[in-house]
Amino acid sequence: MIERLYKPRLSGLARAQLTGLGLLLPSLIFTPSELFAATLTLEGPLVQGGLVQGRADTGAKVTLDGKTVRVSEDGVFLIGFSRNFPPEATLSVTFADGSKETRTLKIKQRKYKTQRIDGLPPKMVTPSEKDLERIHAESAQIKQTRKRDDARTDFLTGFIWPTVGRISGIYGSQRILNGKPRRPHYGVDVAVPTGTPVLAPADGIVSLAHPDMYFTGGTLVVDHGHGLMTSYFHLSRVLVKEGQAVRQGELIAEVGATGRVTGAHLHWSLNLFERPLDPQLLMNSHLARNSPASSQITASGTVQGTANTGGDESK
Ligand SMILES: [Zn+2]
C-alpha cells in the first residue's frame, strides 16, 4: 500500500506551477516555507503486525500516538503496529516551517489462529525454578538488545528472506504447548533442515550473538537501524560476532533444532524496538526486495501447513 498525502494548501495546480517552467514566480504566490511544505509518504501495510516506512521532509518531527519517532536526516521514519494494536493510530508530522499535519490511521484488525504443539520435552513447557532464573536472565538480555536506538538506515536496502522453505508457524498464533496455553508466536517459522544457510535479509549490525539460550537455542539479533531488528532462533551455528556489520545476503548462521523445538526450523522475527511485527507482512510489502525468495509466501495468515515443527516461543 502506498499513500501519498499532500499538504492541503499546496494544490495540484500550485505544484504543477512550482515544478513546471515557472511562468509565474513562485515567490509571488507562496512564501518560501510553503515551497518546501511538501509531502508525507507512507509505504507498508496499515494492519496489526505491519511495518510502515514513512518519508517526510528534512527536519520534520514525527509522533505516533504522542510518542516521538526517530526521523533520519532526509526524513525517513518507521512506525509499526503490534499484534493487538487498536483500530486507530494518530500520526503527527511537524514540518520544518512549523506547519503540522495530523492523520488518523485506520489499523486493520486481524484474527489469529490457535496452534497446538505437542511432544515438547516437559521442561520446555514448565521449566524448573533454576531454569526459570536462566530464562529470565536471557529474556532480559534480548529485551535490552531491542532497546538499541541507532540512527543508521540500513533497512533502506529492503529485505530478502533469510531462508526459503515451508512455513510451519506464523505470526500472532495463540500457542498451546503440550496442552498448556502459552504466549502467542511472534515470528514466522521456516521448516528447513539443520545446516541450511541463514542470510542477512538486509544490511545491519549484529547486536546479539549467543550459542545456546534455553528457549531460543542458538540466537542472533541483527539491528537494521531506527530500532528495527530481526532475530534468528534455534540456530545450529552462529557465524557472526556481536558488533559485526553484515550486508544483505551475507551468510550469518545455519539453521538448527536448538532450544524449544520439535524439529529443525528457522524462527525469524521482526521487531521495532520491543514491538513484535510480522515478517511475512514485511515480505509482502514494498519494503521487500525482489528476489526468488520473496515470492515464497502469498499472503500472511493464509500460509499452507501448520505442522508441529515450529515449537518455540519468541521473547
Ligand atoms: Zn517460531
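This is a predicted model: local features need pLDDT of at least 70, side-chain atom pairs count only at pLDDT 80 or more; totals for chains, interfaces and linings use all residues.

The protein has five helices and 22 strands. Of its 315 residues, 41% count as buried. If you take contacts between residues at least 6 apart in sequence, 69% of them join residues at least 24 apart.

How confident is the predictor? The average pLDDT for the protein is 84, and 80% of the residues score at least 70. There are stretches to be careful with, though. Over residues 1–37 the pLDDT stays under 50, and the model has 33 contacts there beyond four places in sequence. Residues 291–311 are also below 50, and that stretch has 51 contacts beyond near neighbours in sequence.

Now zoom in on strand 7, which covers residues 88–94 and pairs with strand 8 in the antiparallel sense over seven bridges. You can follow that pairing residue by residue: Glu88 has Lys106 as its bridge partner in strand 8, and Thr90 stands opposite Thr104. What do strands 7 and 8 form together, and how many residues are between them? They form a hairpin, with five residues between the two strands. Look in the turn for Gly98, which has a positive phi of about 95°.

Strand 7 has another partner too. Strand 4, residues 61–64, pairs with strand 7 over four bridges, again in the antiparallel sense. There, Lys61 stands opposite Thr94.

Just as a reminder, strands of a sheet pair through backbone hydrogen bonds, either parallel or antiparallel. That's handy for the next sheet, where the pairing is mixed: it's an open sheet of three strands in the order 9-11-12. Its edge strands are strand 9, residues 114–117, and strand 12, residues 180–182. Neighbouring strands here are turned by 30° against each other on average, ignoring direction. Strand 11, residues 174–177, and strand 12 are an antiparallel pair with three bridges, and Arg175 has Arg182 as its bridge partner in strand 12.

Next, strand 13, residues 188–191. In a regular strand, side chains alternate between the two faces of the sheet. In strand 13, Val188 and Val190 point one way, while Asp189 and Ala191 point the other way. Are these residues buried or exposed? All of them are buried, Asp189 included.

Who does strand 13 pair with? One partner is strand 10, residues 166–169, antiparallel over three bridges, with Gly169 standing opposite Asp189. Strand 21, residues 266–272, also runs antiparallel to strand 13 and is joined to it by three bridges. In that pairing, Val190 stands opposite Leu266.

On to the inside. In soluble globular proteins, nonpolar side chains tend to be buried together. The largest nonpolar core here has 57 residues, and Leu51, Leu220, Tyr232 and Leu282 touch the most other members. Strand 17, residues 228–235, gives the largest share, five residues. The core also draws at least three residues from each of domain 1, which is 3–106, and domain 2, which is 114–294.

Last stop: Ser285, which you'll find in the segment after helix 5, residues 279–283. Why does Ser285 count as partly exposed? Because it has 19 C-beta neighbours inside 10 Å, and a residue needs 20 or more to be buried. Leaving aside neighbours within four places in sequence, Ser285 is in contact with Gly44 and Pro45. Ser285 and Pro45 are 240 residues apart in sequence, yet their C-alpha atoms are 6.9 Å apart in space.

Key:
Residues are numbered from 1 along each chain as its sequence is written. Two strands pair if DSSP finds at least two bridges between them. Axes are lines fitted to C-alpha atoms, for helices over the stretch in contact, and angles run from 0 to 180 degrees between N-to-C directions. A nonpolar core is a set of buried Ala, Val, Leu, Ile, Met, Phe, Trp, Tyr and Cys residues joined through C-beta atoms within 7 Å. A residue is buried if 20 or more other C-beta atoms lie within 10 Å of its own, exposed if 12 or fewer, and partly exposed in between; C-beta atoms are placed from the backbone. Domain bounds come from an automatic or database domain assignment. pLDDT is the predictor's confidence in each residue, from 0 to 100. Two residues are in contact if their C-beta atoms, placed from the backbone, lie within 7 Å.
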